[in-house]
Amino acid sequence: MSDGLRRRDFLKVLGAGSAGATVAGCSTGEIERLIPYVVPPEEITPGVATWYASTCGECSSGCGIRVRTREGRAVMIEGNPDHPVSGGGLCSRGVSALQGLYNPDRLASPLRAGTSGFEAISWDEAIGMLTERLGAGGRPLFLTGRKGPTEGALLDGFLAALNGERVVHDPLDDAPLRAAVNIAFGVNTLPRYDIAAARLLVSFGADFLETWLSPVKFAADFARMHGVDDGVKGKFVFVGPRLSLTGQNADEWIPARSGAEAEIALALAGELVRRGSDAGPYTDMVSGYTLEQAARVAGVEVDALNALADQFAEGAALALGPGLAGHHEGATAANLAVLILNVAASSLGQTLHIDAAAESGAPGDASLAGAIANMGAGAYGVAVVSGTNPAYTLPPASGFQDAFSRVPFKVAFATTLDETAALADLVLPDTHPLESWGDAMPGPGTYAVRQPAMRPLPMFDSRPMADVLLDVGRRLGHDAGAATFQEYLRAAFDGWLGEDGEATGLTGDPNALWRAALRTGSVSYIDQTPQVTGLQAPETAVRFDAPGIDGDGELTLLVYPSPRFGDGSHANRPWLLELPDPVSKVMWHSWVEMNPATLERLGLREGDVVSVATAEGAVEVPVWPYPGIREDAVAVAMGGGHTNYGQFADGNGVNPMTLLGTATDAGSEALALVSTRATVTPTGAWRWLTSPEGSSDQDDRNVTPAVALSALGHAPAEADHAAEGGHGQLRELQEGGGFRTVETEGRAEDFPLPGSDFGYYGEDHPRWAMAMDLDKCTGCGACVTACQAENNIPWVGEVQATMGREMHWLRIERYYETVDASHSGPVDIRFLPMLCQHCNNAPCEPVCPVFAAYHTPDGLNAQAYNRCVGTRYCANNCPYKVRVFNWYRYTQQIPEPMNWQFNPDVTVRDNGVMEKCTFCVQRIREVGNRAAVEGREVRDGEVYTACQSVCPSDVITFGNIKDHDSRVAALAENERTYRVLDALINTQPAVHYLQKVTLHDVEEAGH
Amino acid sequence: MATADARQRGALPNPDVATYEAVNRDVLKVLSRPGKGWWVLFAMAAAGVAVFLGSWFYQIYQGIGVSGLNAPVGWGVYITTFVFWVGIAHSGTLISAILFLFRAPWRQAIYRASEAMTVFAVMTAGLFPLIHVGRVWHAYWLIPYPNSRFLWPNFRSPLVWDVFAITTYFTVSAVFFYLGTIPDLAAARDQARGLRKKFYQVISLGWRGTDREWHHFSKAYIYLAALATPLVLSVHSVVSWDFAMAIVPGWHTTIFAPYFVAGAIFSGVALVITLAVPMRKYFGLEDYLTVKHFEAMAKLCLLTSSIVLYAYMTEYFLAWYSGEPPERGSFWNRVFGHYWWANWIMLTCNGLVPLMLWFKRVRRSIAALFVISIFINIGMWFERYVIIVTSLSHEYEPWAWGLYRPSYVEMGILLGSFAWFGFWFLLFTRLLPPVAIAEMKEVVPPPMSSRKEAAT
């Protein structure tokens, strides 16, 4: 076996030789195509991955990523554990950047609008046109998404030279929060929340685990605050009309009406003031608010609010919100009320921090409404759109499309021809963030760098917008002093370091610091910004009235950003389209969430296609019954219903923005997402929802039990038994991994008998096992996308997914235990990440007629694809239903160049074979080989799976359970540990789950 | 008058035929000239075979995804139909071998047709595992053969047992079937002319009807009958273990082997009735396949129906008695879940409708038996559908429950399989004597001149 050229090596050489040279890493010069690696480029060894630390560009959070490249192609994105803010986690959208990079709908060349559609032109022509128009004297408007600090500075400098105007439009920006901080503390910044330090966390609707501000960081902090690693467990209360994914993780839900946040927060603050707290200049004002009144406005029980006030009084509290889904006409006031509550609860300086001199974000964001009016009035000669898609994300009532079309010359920097770019006169293909330079300031004391992980893809003739602007600026006589943005960024870094590290505390060679930043992805420095210590009196009186809701009927329409697509900008990625929505579990299409009681009242059932209508428009969308939404509300997620975004997004679902009018938040001009009521009428049509959900009821199977916090720590101490005369219980590692209690007759020290403690896994083999802490799992689904990216798992499309043929090796099951929208009380929704359990007694193995399913000596339940005949007997016999079958040639239907993302270490499966989770065997082997070459054992934690690599909440632990010092072995012995269905069918899985811990008492089904 | 004499022997279900000549004439007449009706049926069957093969090749080209199968329901109409045809294949051997060994006097008239049915049913059933697998071009890997990779099939897998069971059963029943026809083929040869004569000359292996030949023939026949008898029990037991050896709730039970064998005989006898009624009518064999024969088969149906109904009840009881939520859930789902209708079709057709056979009038009514046998055929197909599909759709992990709907391709292959079976059966009725001439003569009054004279 060991002699000669091994098959895998041969294939590596073959792959590298024939295909490897199309692109090479960013650090090399031009590489001719189709020339084998006779002289390999530096840093690239065929068959060995090169990693680049960078910064995620999918939203404005600025999480740290590590991009794995093979032969010059990015194949995988993981969280960067060295990153001080995101700390090794990542979300599904971040991982899916790969499908943005390799998206077949990317622009192949600059486009000019002609009489009959767009025509391709050269970059020279395009830049010439742009230079000419910008130089012609008309005032330019730049409509951009949120940009990194240096790119933003470049833009601002460029526009300053041209007397231009820049408007930032980011639907996921919490402008009301910014405005509220400005009113409360007099600084223009976003607060910093220290969730991990809180003992009581109250979210007034802020979806901090999904879309709000920095979800990955918050998820990590939440896991620390809410997990029971240290024996303590913080409490999380969700206040709002609909349980988002964040809400599903709450311990308690107060189902308050949308718009009642301010009333509740002020009443709580008032209650705290009555108990002796101080709310600064607002003390008198809040004293006027009572919990009774708040309960009436919110439609909840006053007892729940009283209890909440008691908990606030205990200290270490933090209130968040109302977040993006709470953008209504009084959003700024509601945010201000929550800030006042935080001050009254003495959270300022403890769990809530406000930087005094901060100048974060785009200074004084110019008004979007004003820009639209000006565009309509012909105030601009040129309008440039970049990184935002207002033609899709703004309601038609905003008049954007009409106003935009009146601008004489419209330019779009875009990666794909989106709804806004389609209206432009000139479309310039921008590079993807994975091909671009950039930076971010994701948190205090952190400067994060974005570096390209690979050269721009050859089939898309794209250029970074910043490079183009530098070029245009030079032609117009405004030289920014740098030929490329890379140089500009490098110079900006030096400028930021300053002399002698005054501002940052960083000293030393700037080049060395820069190299370190590139290597680790970020630079940590000492943040010397002073903190705000108290509230200031408002300049003008703020009205805290409940916001107006237009329209007839009794159902309030809740529009919220999708955890998968955000504002819709990630909607052209099949991985995300086929990722079950964390809440509804629906894939591909849109749905409207309605309480089952409301459905019954309207005579509807799941899957009925209804027309959701407001004064502005109507959408037809199927119903998904959800017990986690108030009976007087319906909810539709943003992100669907694209009309011109790409082959995957177009026509999928509906765009709820078409239902909204022009109502905005009074304090910040942010669009009010909750501003109208809707009427729901059946259309008579019905459809299967595209959902993997079989049942959300455990049906007495107890596949995900929970334990009350009060019941923890009461397990009998076993050592005492063993000490009594040698008779007693010993814990023995059983064959399948994990431990079982054995009764002993002889002396304890005689056990285990030699050789018996490892089962039939030989002495020289590890037994790979996994532990999952369900108390920390938030059900976000990042692991699912990471698994899909790592293991070349195809998507199957809406029709196939509706038939139940999605190919995910890992899924998040969601079971309702306690969800009741009719009154306040505990919430208990359990998430169970389900993957191949790598059973020791694997039921799939004996039934395979050809040994395609077999057991490896190190405890993996392996699947030999080439040997599989496709009887599907193994899948029938798998009690966990984690085996998926290639019903068609799914992998061959993946369009060029999305197949460039394939991980070369993993087989691409063909038609008619079974596949499933491998515990990332390619990673196990890679590490094992490295350890063997270095002549050492594999270290604990050295092998980590793809799902583990992105989990922000540190749910997943992987390792050798035979090593008693390993983390996974310790977790397997935890008193919360159980294995799914093991007690019933003795499968002895390798995956050990740690039960969820609840604050309320648990009644277990089936006991 | 001789006919009347034969009838007077009434206690035995002997055919109403008088003479050896009549036997030869009546049976071989069937082979002589196809009627228009035969050609119409044959054309329909051939068209059905075209649909069958066309659907299958389309599936091979596109992938098994053209079926409605999914996760969790990885087995559906194909395996249902496989088990159905294996079950059908049982009655032939039962009627010919077991009843031969037990000297049941009513078997002679029907055993040839039911043996042919057995062989063609196994030929049909054997295709379904091939149709079902994802990569049919690798299906030969299930056969143990020496190879340079030193790879053997997994002998722990019930699917490998299936390969053995089905191939053994096919081989034995085909040989048994062929052996039994040899004397009749010789009779056909003696009457045929031209090309047909050549054909019968070859396949009758030069049978002359000598004492010595008869001696060897009957020895061989009884040995083969003894060999085939255990197979009747073993084949469907093995097929049932495809399910019983799995841990799927609703499959994992020890009752499956006897339950499946009884069900197989039940469905097989029912199909014999379904086929014998029109055949008897069309070919004018009323004197050979008499009401007595049908009544005997009806009694067999009644017995096996009772066993099957008992098995259903046992399953329900044990599901409840086990106390295990997955087991209880599985059976609750069968009766009240999404596929309740399939379960009630099964119970009605297999348990309730055959209760009518307790009435002698029903047992002796050819029309009633024909209708009931069709109910049983439908019911037995649905029994397998219920076992396979509803169990898989509702297993341990509630989140992974799912539903399955057969696709047009699956329906095409299901219906096509009947055409495929009919195709061979129609050929059989044209080419081989559909009633055993030689054995019929054993039960027809021997041509004794003295008796004849006495009567006149």
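**A guided first look at a predicted two-chain model**

Trainee: Which residue in β37(A) stands opposite A:Met772?
Mentor: Strand β29 of chain A covers residues 768-773 and is joined to β37(A) by five bridges, with the two running antiparallel. Strand β37 itself covers residues 956-960 of chain A. The residue of β37(A) opposite A:Met772 is A:Ile956.

Trainee: Which strands stand at the edges of that sheet?
Mentor: The sheet is an open one of four strands with mixed pairing, in the order β37-β29-β39-β38 (chain A). Each edge strand has a single partner, so one side of it is left without a neighbour in the sheet. The edge strands of chain A are β37 (956-960) and β38 (977-978).

Trainee: Is A:Thr393 buried or exposed?
Mentor: A:Thr393 belongs to helix α15 of chain A, residues 390-393. Beyond its neighbours within four places in sequence, A:Thr393 is in contact with A:Pro171, A:Asp567, A:Gly568 and A:Met657. It takes 20 or more other C-beta atoms within 10 Å to call a residue buried. Because A:Thr393 has 25 C-beta neighbours inside 10 Å, it counts as buried.

Trainee: Which residues of the largest nonpolar core touch the most other members?
Mentor: That core holds 425 residues. As a background idea, nonpolar side chains tend to be buried together in soluble globular proteins. For one example, A:Ala269 is in contact with A:Ala279, A:Val286, A:Ile340, A:Leu341 and A:Ala344, leaving aside neighbours within four places in sequence. The residues touching the most other members are A:Ala265, A:Ala269, A:Ile340, A:Val592 and A:Val634.

Trainee: Is A:Asp700 buried, partly exposed or exposed?
Mentor: A:Asp700 sits in the loop between β25 (677-686) and β26 (706-708) of chain A, and its phi is near 65°, a positive value in a residue other than glycine. A:Lys585 also has a positive phi, of about 65°, and counts as buried because it has 23 C-beta neighbours inside 10 Å. Since A:Asp700 has 16 other C-beta atoms within 10 Å, it is partly exposed.

Trainee: Which element gives the most residues to the side of chain A that touches chain B?
Mentor: Here 43 residues of chain A are in contact with 39 residues of chain B. The elements of chain A that give two or more residues to this side are α25 (844-847), α26 (873-877), β35 (884-885) and α30 (982-985). By type, the residues of this side divide into 22 nonpolar, 11 polar and 10 charged. With four residues, the element that gives the most is α26(A).

Trainee: What is the radius of gyration of chain B?
Mentor: Chain B has 17 helices and zero strands, and its C-alpha trace spans about 80 × 55 × 40 Å along the principal axes. For 456 residues, a compact globule would come out near 23 Å, and chain B agrees with that. So the radius of gyration of chain B is 23 Å.

Trainee: Which residues does B:Gly416 touch, not counting those up to four places away in sequence?
Mentor: B:Gly416 lies in helix α15 of chain B, residues 408-431. Because 26 other C-beta atoms are within 10 Å, B:Gly416 is buried. The residues it touches are B:Gly48, B:Val49, B:Val51, B:Phe52 and B:Ser55.

Trainee: How many contacts does the stretch of residues 452-456 of chain B have beyond near neighbours in sequence?
Mentor: Chain B averages a pLDDT of 87, and 93% of the residues score at least 70. Over residues 1-13 of chain B the pLDDT is below 50, and that stretch has 19 contacts in the model beyond near neighbours in sequence. Residues 452-456 of chain B also have a pLDDT below 50, and for this stretch the number of such contacts is one.

Conventions:
Residues are numbered from 1 along each chain as its sequence is written. Chains are lettered from A and ligands numbered from 1 in the order in which they are written. The radius of gyration is taken over C-alpha atoms; the globule rule is 2.2 Å times the number of residues to the power 0.38. Two residues are in contact if their C-beta atoms, placed from the backbone, lie within 7 Å. Ala, Val, Leu, Ile, Met, Phe, Trp, Tyr, Cys and Pro count as nonpolar, Asp, Glu, Lys and Arg as charged, and the others, Gly among them, as polar. A nonpolar core is a set of buried Ala, Val, Leu, Ile, Met, Phe, Trp, Tyr and Cys residues joined through C-beta atoms within 7 Å. A residue is buried if 20 or more other C-beta atoms lie within 10 Å of its own, exposed if 12 or fewer, and partly exposed in between; C-beta atoms are placed from the backbone. pLDDT is the predictor's confidence in each residue, from 0 to 100. Two strands pair if DSSP finds at least two bridges between them.
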